[in-house]
Amino acid sequence: MTLLQVRDLVKHYQSGGLFRPSGPPVRAVDGVSFELAPAETLALVGESGCGKSSVGRTILRLQEPTSGTAVFEGVDLFALDRPALRRTRRRMQIIFQDPYSSLNPRMTVGSAVAEGIEIHRLARGAEVGRRVTALLEEVGLDPGYAARYPHEFSGGQRQRIGIARALAVEPAFIVCDEPVSALDVSVQAQVLNLLADLQRDRGLSYLFIAHDLAVVRQLAHRIAVMYLGRIVEQGTADAVLRRPRHPYTVALLSAVPEPDPGRRRTRIVLTGDVPSPSAPPPGCPFHPRCWHPRRDERCSRERPLLRPVGGTSAACHYAEDTPLPEGVGEAGGTSTASIP
Amino acid sequence: MSRVLEVENLRVSFPAEGGHRVHAVDGVSFTLDRGEMLALVGESGCGKSLTSLALLRLVPGPGRIDPGGAIRLGDIDVLHLEGEPLRRIRGKRIGMIFQDPMTSLNPVFTVGDQISEGVRAHLPVSKREARDRALHLLQEVGIPDPVARLDAYPHQLSGGMRQRVMIAIALSAEPEILVADEPTTALDVTVQAQILEVLDRLRASHGMAVLLITHDLGIVAGRADRVAVMYAGQIVEEAPTPALFARPSHPYTQGLFASVPRLHGPVERLKPIGGSVPPPSAWPSGCRFRPRCPKAFDKCGAMPPLLPLEPAHRMRCWLAETERS
Amino acid sequence: MNPLLAAVRTAIRDPRGRAGLAFLAILALLTLVAPIFLPDPAAQPDPLGASNLPPSLMHLFGTDALSRDVLSRVVWGARVSLAIALLAVALSISLGALVGIAAGYFGGAVDSALMRLVDGALAVPRLFLLLLVLAVWEQIPVAMLVLFIGVTGWFGTSRLVRAEVLRIREESYVRAAEALGAPRRRIIFRHLLPNALGPLLVAATLGVGDVILVEAGLSFLGLGVQPPTPSWGGMILDAKSVLVTAPWNAIFPGLAILGTVIAANLFGDALRDAVDPRGA
């Protein structure tokens with residue numbers, strides 16, 4: 001049973017406006033498809049500008065899509081009218097990267113957490129307070145914090161408040177938009193553990209957007225790697241991390257700094273910068289920076305489609321022969337959410 | 001003489017409520033040799049950035065460096081310099097690059113102008129010569145198409161490029177020491193690798209010593225020669241990199257290692273350090289890590305000094321007395 | 001504590017803020033208790049020889065040409081001037097906030113249209129506009145005066161509010177509210193408005209000083225508050241003829257205007273500093 005099914009999602013931003021000439025559109029998301037099952041985490045991984053954040057926001061209709069479909073619990077999200085969308089929003093929530101701008105500084109913690117309850121009239125009177133208390137405890141915070149203001153709390157605590165706020169409406173699905181990137185190492189660990197526990201206890205599904213593969217490994221059941229608005233590789237976390245097939249995935253894996261000086265590893269250092277999403281290269285978007293020994297002129301002409309190769313799906317003409325440099329891959333693993 | 005920097009008992013204090021001062025950096029000492037990379041590792045609030053700013057006497061606002069310490073470059077003590085002699089140290093003997101390349105470059109001047117400015121601040125050369133040097137520096141930091149880039153403005157460059165430009169500016173007077181404060185934190189992982197590569201090359205070719213400030217243990221593992229871990233304004237453990245990673249000994253260091261997610265090995269539930277970093281106003285007397293330490297015992301009520309464990313490996317913990325090999 | 005309240009508290013701790021607020025508070029207090037202590041200056045003027053007396057123990061600020069106590073006239077005038085200032089500013093702030101929020105939140109054509117309107121309005125000097133209206137409408141009732149002053153003073157505020165709204169709109173907590181399904185009204189009144197209050201409050205405080213000057217100027221020209229209602233500007237107008245012989249007639253209302261405007265500005269500055277670095 002699929003919880004969420006996204007097909008050919010496209011989000012282009014048109015530059016320019018009423019008084020300015022418009023340039024080429026920024027193709028933030030350029031044809032993304034995936035599925036998500038209940039109680040599953042799909043990690044969307046990539047570097048800045050790859051469009052991963054846009055995917056999350058567009059699915060939730062915080063931005064309107066340019067084209068494509070998203071079917072959530074059997075409902076076509078993009079066809080919903082406003083009142084129906086509002087009701088559906090209860091089932092799908094989001095937590096943000098920046099703990100310092102994700103909470104209204106003029107609202108108490110309790111009011112922030114209770115907002116969803118009030119909007120959807122899930123409880124009234126004293127019951128609201130009881131729910132807020134229960135939620136704060138569930139995320140590991142002292143219920144007494146409800147009367148305080150966000151500026152009194154640390155980044156990690158604010159993230160927890162944001163999680164409590166999202167949980168208040170009892171969602172089935174949460175978009176986690178880089179939820180730990182702005183946190184210190186030990187705080188990051190606390191929040192990751194919390195997310196794993198919540199998934200296990202509530203059966204939540206996550207679309208976990210991140211750039212750090214080691215972090216992703218803690219929670220992800222499946223991984224999709226994005227580059228310039230498209231998914232270039234997809235598969236189970238185990239398969240993608242153990243034996244990646246797309247040269248970008250390999251480069252990404254080799255670049256992740258690892259706290260293990262003893263491990264020998266060949267680093268693939270990509271040349272050049274990521275091209276602008278408003279001017280993607282013709283053919284394979286990765287070809288100007290690609291290090292694959294079999295890269296040829298076909299790559300600059302013909303855009304490769306995602307196809308199953310080995311244990312994953314990869315969008316590369318020569319995915320069968322992608323070399324695996326020393327020390328890269330063989331990582332594997334499954335999400336800690338599966339571990340009781 | 002291979003020792004380029006000697007920092008002794010550095011203390012930086014800030015005024016706090018109630019009139020007294022808190023020491024955000026509290027008695028930090030370390031050395032740096034030619035061509036060596038020392039990593040200063042810690043989480044936010046540990047005082048690592050302030051330490052790096054203090055080296056150049058750039059501590060902001062109401063903060064000040066307390067007397068009683070020393071920052072020695074050869075036989076000059078930076079803490080005793082003022083005015084022109086101090087300005088000559090900055091850039092010429094110690095260079096610095098910062099975390100956010102977007103705000104560290106002046107948006108209204110071209111890249112070439114800014115590098116040339118750095119050159120001419122310290123070397124008596126003409127504009128033409130400065131520009132040539134700027135070009136040379138851009139090549140050294142690996143910027144593609146450097147001739148065109150000289151006339152580019154910062155907003156026309158990507159984050160990785162801007163960071164390289166910052167390195168070029170920092171190098172313009174050929175300093176012996178480069179202080180890099182979280183130079184790659186704001187960059188993508190693939191770009192991060194490029195920048196670290198540039199730093200390695202420069203160490204090899206110029207014999208430049210690097211003080212790398214970071215919170216990322218992964219970056220440290222691959223590159224630094226030695227590591228110093230900071231917590232609550234103090235160094236709590238220092239060792240050559242292989243030793244630190246093989247045998248993290250201070251409970252805080254161990255806690256850090258247990259909370260970092262890994263790319264290899266079995267996927268396990270992370271073990272974060274309980275509690276959170278206390279602000280300076282809430283520092284306990286005695287060992288500052290005590291409230292969060294799983295191995296605390298009575299002696300921890302007294303502040304431990306840095307005690308030796310193995311050759312060149314020390315930690316600020318009473319357990320060193322029993323664990324010494 | 002609510003960050004806005006905390007900002008006000010910080011502003012009060014600031015010596016400038018304290019001075020400004022103290023002056024205004026004392027003035028406000030005086031206007032409230034005035035009727036108890038001081039004679040109604042619009043009451044029967046005593047034409048017998050008590051006119052234009054210099055300041056003395058009996059008349060601390062002296063008397064004017066109609067034998068009225070200048071001190072009481074200043075205090076009664078304060079009631080009028082302060083009331084006009086507060087009401088007009090309240091009107092300006094409300095209009096400015098309304099337009100600013102509409103422009104910032106809805107964007108697009110609405111934003112363009114509103115901002116072009118504001119641009120046009122700002123091109124017309126406020127005083128000229130007021131003079132035009134008031135020259136035609138003699139014996140204007142105070143309520144209408146308040147209306148006109150208020151309606152000509154909201155343009156700058158709308159730009160301010162619009163800028164704040166544009167900034168706040170991008171903050172993650174607004175997105176979070178949208179994701180929770182918050183209706184537009186809730187987003188505007190719970191999230192946008194409260195966070196735009198800081199600069200708005202500062203603009204209001206500084207606006208009070210502004211309006212005091214505008215009203216005094218108009219009254220001085222005979223176009224604002226009409227006698228026998230006392231007003232500071234009106235008092236200075238009356239004092240014109242005896243400026244050399246009985247200067248206290250002009251000095252004390254003049255000082256009152258000066259003091260109030262400075263006090264309002266001092267408090268406004270302290271408030272701005274308190275609100276600004278704290279940010280959102």
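How many residues does the contact take from chain C and from chain A?

1. Chain C brings 20 residues and chain A brings 24 (contact meaning C-beta atoms, placed from the backbone, within 7 Å). A heads-up: this is a predicted model, where local features need pLDDT of at least 70 and side-chain atom pairs count only at pLDDT 80 or more, while totals for chains, interfaces and linings use all residues. Residues are numbered from 1 along each chain as its sequence is written, with chains lettered from A and ligands numbered from 1 in the order in which they are written.

2. The largest share, 8 residues, is from α8(C).

3. Within chain C, have a look at α7 (residues 155–169) against α9(C): the angle is about 145 degrees and the axes are 9 Å apart (axes are lines fitted to C-alpha atoms over the stretch in contact; angles run from 0 to 180 degrees between N-to-C directions). Residues making this contact include C:Leu160 and C:Ile168 of α7(C), and C:Leu192 and C:Pro199 of α9(C).

4. Over in chain B, β1 (residues 3–15) runs antiparallel to β2 (residues 21–33), joined by 10 bridges (strands pair if DSSP finds at least two bridges between them). B:Val7 sits opposite B:Phe30. The hairpin leaves 5 residues between the strands, and B:Gly18 in the turn has a positive phi of about 100 degrees.

5. β1(B) also pairs antiparallel with β5 (residues 70–73) through 3 bridges, with B:Glu6 opposite B:Arg72.

Definitions and conventions
Two residues are in contact if their C-beta atoms, placed from the backbone, lie within 7 Å. Helices (H or I, at least four residues) and strands (E, at least two) are DSSP runs, numbered from the N terminus.
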